[in-house]
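The tour goes one selection at a time.

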Amino acid sequence: MRMPRGGRLFLAMCLGSLLVLVLYFQSITKPEPGVKTDSRPGKSRRSPLQTLYNGDQQLELSAAQRSLQGRRELLEQACLSHTRKRRVLSPEDLKHLIVDDKHSLIYCYVPKVACTNWKRVLMVLTSDGRYTDPLAIPANEAHVAGNLRTLSEFSVPEINQRLRSYLKFIFVREPFERLVSAYRNKFTRRYNTAFHKRYGTKIIRRHRPNPEPEALQKGDNVSFHEFVQYLVDPRTQREEPLNEHWERVHSLCHPCLIHYDVVGKYETLEPDAQAVLRLAGVEGTLEFPTSGKSTRTDGNMAARFFKQISPFYQKKLFNLYRMDFLLFNYSTPEYLRTR
């Protein structure tokens, strides 16, 4: 059935239910064995999606495939167990999904989960030779809007075709380690004045008794306790969506509406990234950048930050991020005192 003239615009503007139905059913479709999924002219190589599901590299990928398959299955089971009703997906919901047409990849980026390096890698993959070394790309350039295309920029038929035939992957991280990492980066670094002004001043005004005038003006000394109070304050999400650096992964990437073929983890970043590059057919020609950080936020550091948070606020915060713990199979941290 042909879409009525103007229907595409109507879907984008009105966020109609047709889009979520098409996106949902197309995104859960897996390619049939032996069927060429890449229908674009001149493309004859096996796609990453076929490589993953047809298993023609089993000797090389067997261990990685077993791990990735287990995560996919756990995510699907968690979605069935913990989600009740499906909400409408809009083009706005697809802005975190980066598209690489050359290698048939879709990557949902999650801030504070190696997304800068994944964007650098995708800039190399999509640049037709302009970029060759991911680490030669400045971090700020990797985040410039327009350097990479997102799924939201395509028409509805183009979105559906890519969701059906491209390898869709996501990388996730233990939720509270990601949260502490975001706090450290955005509120304890002097150079992040934009975040201090945009969020720090509001947090101090609302959650600090008798603040100093300078703190109200600069917003550059927000404590972790004040940050937590801000996150669990009902007014915060009523006023606007959470910033992407501390927004829940399930709200950024919609893993119960979009079928992700690969769920990588920050805790096993290097082997998982290598598996994706192998599926894309670029292993050996492109390496995922390794982190040289000596003060990476881990569980021990998160525990130290949470010592200053009362059980009351720990419980509220866990409830806020509960779905990320459940969907991506992360255990409740031992340091939590929620009773």
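Is the crossing of helix 8 and helix 11 left-handed or right-handed? Select both helices and look: the crossing is right-handed. Keep in mind that this is a predicted model.

**Stop 1: helix 8 against helix 11**

Stay with this pair. The two axes come within 11 Å and cross at roughly 115°. That makes helix 8 roughly perpendicular to helix 11, since angles of 65 to 115 degrees are counted that way. Now show side chains. From helix 8, pick Leu179, Val180, Tyr183 and Phe187. From helix 11, pick Phe224, Phe227 and Leu231. These residues make the contact. Colour them by class: seven are nonpolar, with no polar and no charged residues.

**Stop 2: Ser181**

Remain on helix 8, which spans residues 175–187. Select Ser181 within this helix. Is Ser181 buried or exposed? Its relative accessible area is 10%. Buried means under 20%, so Ser181 is buried. Next, display what Ser181 touches. Leaving out residues up to four places away in sequence, the partners are Lys112, Arg173 and Thr297.

**Stop 3: helix 11 against helix 16**

Go back to helix 11, residues 224–232. The crossing here is left-handed.

Which residues of helix 11 meet helix 16? Select His225, Val228, Gln229, Leu231 and Val232. On the helix 16 side, select Tyr313, Lys316, Leu317, Leu320 and Tyr321. By class, the residues of this contact divide into seven nonpolar, two polar and one charged.

**Stop 4: the whole chain**

Clear the selection and zoom out. The chain holds 16 helices and five strands. Colour by burial next: of the 339 residues, 52% are buried. The accessible surface comes to about 17300 Å². Carbon and sulfur atoms own 51% of that surface.

Finish with contacts. What share of the chain's contacts with a separation of 6 or more comes from residues 24 or more positions apart? The share is 70%.

Methods
Residues numbered from 1 in each chain as written. Predicted model: local features only at pLDDT ≥ 70, side-chain atom pairs only at ≥ 80, totals over all residues. Heavy atoms only, no water. Axes fitted to C-alpha atoms, helices over the stretch in contact; angles between N-to-C directions. Helix = DSSP H or I, 4+ residues; strand = E, 2+ residues; numbered from the N terminus. Left-handed = near helix turned anticlockwise from the far one by under 90°. Contact = heavy atoms within 4.5 Å. Nonpolar A, V, L, I, M, F, W, Y, C, P; charged D, E, K, R; others polar. Buried < 20%, exposed > 50% of the residue type's maximum accessible area, 1.4 Å probe, protein only. Areas by Shrake-Rupley, 256 points an atom, 1.4 Å probe, with all protein chains shown as cover. Parallel < 35°, antiparallel > 145°, perpendicular 65-115°, else oblique.
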